[in-house]
Every structure is written in C-alpha cells, then in structure tokens.
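Visitor: Hi, I'm new to this one. Could you show it to me and walk me through it?
Guide: Happy to, here it is.

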Amino acid sequence: MALIKKFRIEDYKSTESIIELKNISVFFNKRQILNNLNLKINKQEILGILGPNGVGKSTIFNLITGLKDPNYGKIIINGIESNEFPINERFTKFNLGLVPQYGGLIHDLSLIDNLKLVAEIHIKEKGLREIKINKLISQFEFEALLNIKAKHLSGGQKKKLVIAMSLVNDPKILLLDEPFAALDILTIKMLQEIILNLKSTEEITIVVCDHQARDLLNCVDRAIILSNGKVIASGSPKEVISDTAAKNQYFGDEFNIN
Ligand SMILES: Nc1ncnc2c1ncn2[C@@H]1O[C@H](COP(=O)(O)OP(=O)(O)O)[C@@H](O)[C@H]1O
Ligand SMILES: [Mg+2]
C-alpha cells in the first residue's frame, strides 16, 4: 500500500477534463442549492469536494449519475452531453462507480455473496466473474471475512466492501460520498491508502467529498471548496488552505493540517 504523504502535491499529467459541469443551477422547491456552478474534473486526478453539510456535495454526485436533473446547465462526461441519458444508461455508458454515504450493500448477505451479486449483474462470463471476485478479495484482503454477513462487519469493513463492489465493473470515474464519516483514525488511514493505491494502479478518476477537511486533504491531488452554491476556491490542498475566501467562508482562521 502506498504511504500517505502529508500533502500529495503531484503534477497530475493530464489536464484533459473527463467531467464538466457547466453553468449548473439546482433548486429544491424554491430554494436554490447550486448557483451557476462551473466545475471541471480532470482525467485521472483525485479531486476532493469540500463544503459544509447541506451545501450540495451529494447533489453534485446525483447530477453526475443522473439521479437529479439540473434546472439549468449541462453535464458533459467524456465530451458527451449526458443530460439526456437516464441513470441506468449513464452508469454503463460512462463507466461510473458510486460509493454512497450510507448503505450500498445487502445486510443479510455475506461479504462474498454481496460481491457475487454485483458481479453477476455486470460480468456475464462465469470465468471472468470469478477472476474479478478473486482479484478484489486479495486486493482488499477479505480472505478471513468471506462468509460473514454484511450486517456483522465493522464500519470500516462495510465501507471497504462497498468500495470493492463499486469496482466490479472497472469504473473510469469513481464517486465517493463522505467515505470517512464515522470511522476511526486507523480505518480512515486504511481507506486513504486504498484510494491512493487505486489511483496508482488503475486508470481511474476519483472524486471524493466530505464536510471535514483534514481527512480529505490528505489523499487528494486537488480540492475545491463549495460555498453558497458556488466553487469559491480550487487548487492543491496547500493552496486551498491558504485561500482567503476559503478561510473566510469555510476553514476559519485556526485551521491547520498539522
Ligand atoms: N430531494 C430533496 N428535496 C428537498 N431538498 C433537498 C433534496 N435533496 C437535497 N436537498 C437539500 O439540498 C441541499 C444540499 O443537499 P446535499 O447535496 O445532500 O448536501 P451535502 O451533501 O453537501 O451535505 C440541502 O440543503 C438539502 O436539504
Ligand atoms: Mg451529502
């Protein structure tokens, strides 16, 4: 597993965007959540989306997957305007993977049966299916947990399982919604290593959101800060921490990563 550096400031080679949100506005009833938001996500970067609870982070994921349509604006994935593709087509057409904040697995099935279930949906050929499942079992070190029901796994083990399930169809874009919430420090570190490891071994773009900065900034190439429906800062972890608007509206004066 890759070691986590305090700040990963890496020159991500590609600045070609894989997802573009253009002039997006979203309302719930009459309440405006996103206000003419523009966001480019680069191919093969790990992008962190930070912002307080209720700012619209999950809404951005819902826009990308098609769970929510924007009131205004366009969502472009792989150069294709994706608005017209419903959720079931988007996941396969654009090779999306989603790790929702809650749930994502079947509690009464064992760990191995959860993996098999997803694999049966995505991989038709039995041999290939078994190869994929075995690869994930060894990658995530699930060997001792295979027959434990999901409901009896620890919080961290559950999160690892949902991440593994999201990787069954080899996503090119992986969305992680607050993956570190309610987990202990060592488990968070383990998940950060999984995220960094994925990026170094697969051709994948990872978008991870959180309302708490510290855990997220340790494992992203770039972060954006959302406030009042807009992106108010974007840059490397170091850059966003010292950004004046981000300090005023999100981090506060005291925030420090050390
Ligand atoms: N289906 C919905 N109906 C009404 N309001 C919603 C709905 N989904 C989200 N919201 C509101 O939109 C805002 C953004 O929600 P969300 O994207 O879940 O925030 P975050 O993930 O940043 O915590 C919140 O104020 C939330 O209450
Ligand atoms: Mg959310």
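Visitor: By class, what residues does the shell around ligand 1 have?
Guide: There are 6 polar, 3 nonpolar and 1 charged residues in that shell. Do keep in mind that this is a predicted model.

Visitor: Which residues surround ligand 1?
Guide: Phe 28 and Ile 33 are among them, along with Gly 51.

Visitor: What does H1 pack on?
Guide: H1, residues 57-65, packs on the sheet, where it touches strands E3, E6, E7, E8 and E9. Its direction makes about 150° with that of E7.

Visitor: Switching to the sheet, then. What order do the strands have?
Guide: The order is E6-E7-E8-E3-E9-E10, in an open sheet of 6 strands with mixed pairing.

Visitor: Why is one side of E6 and of E10 left without a neighbour in the sheet?
Guide: Because E6 (96-99) and E10 (230-235) stand at the edges, each having a single partner strand. On average, neighbouring strands of this sheet are turned by 20° against each other, direction ignored.

Visitor: In what sense do E9 and E10 pair?
Guide: Antiparallel, over 5 bridges. In that pairing, Ile 225 stands opposite Ala 233 in E10.

Visitor: Which strands does helix H9 touch?
Guide: H9, residues 244-251, packs on the sheet and touches E3, E9 and E10. The direction of H9 makes about 125° with that of E10.

How values were computed: Residues are numbered from 1 along each chain as its sequence is written. Chains are lettered from A and ligands numbered from 1 in the order in which they are written. This is a predicted model: local features need pLDDT of at least 70, side-chain atom pairs count only at pLDDT 80 or more; totals for chains, interfaces and linings use all residues. Two strands pair if DSSP finds at least two bridges between them. Helices (H or I, at least four residues) and strands (E, at least two) are DSSP runs, numbered from the N terminus. Axes are lines fitted to C-alpha atoms, for helices over the stretch in contact, and angles run from 0 to 180 degrees between N-to-C directions. Two residues are in contact if their C-beta atoms, placed from the backbone, lie within 7 Å. A residue is near a molecule or strand if its C-beta atom, placed from the backbone, lies within 6 Å of it. Ala, Val, Leu, Ile, Met, Phe, Trp, Tyr, Cys and Pro count as nonpolar, Asp, Glu, Lys and Arg as charged, and the others, Gly among them, as polar.
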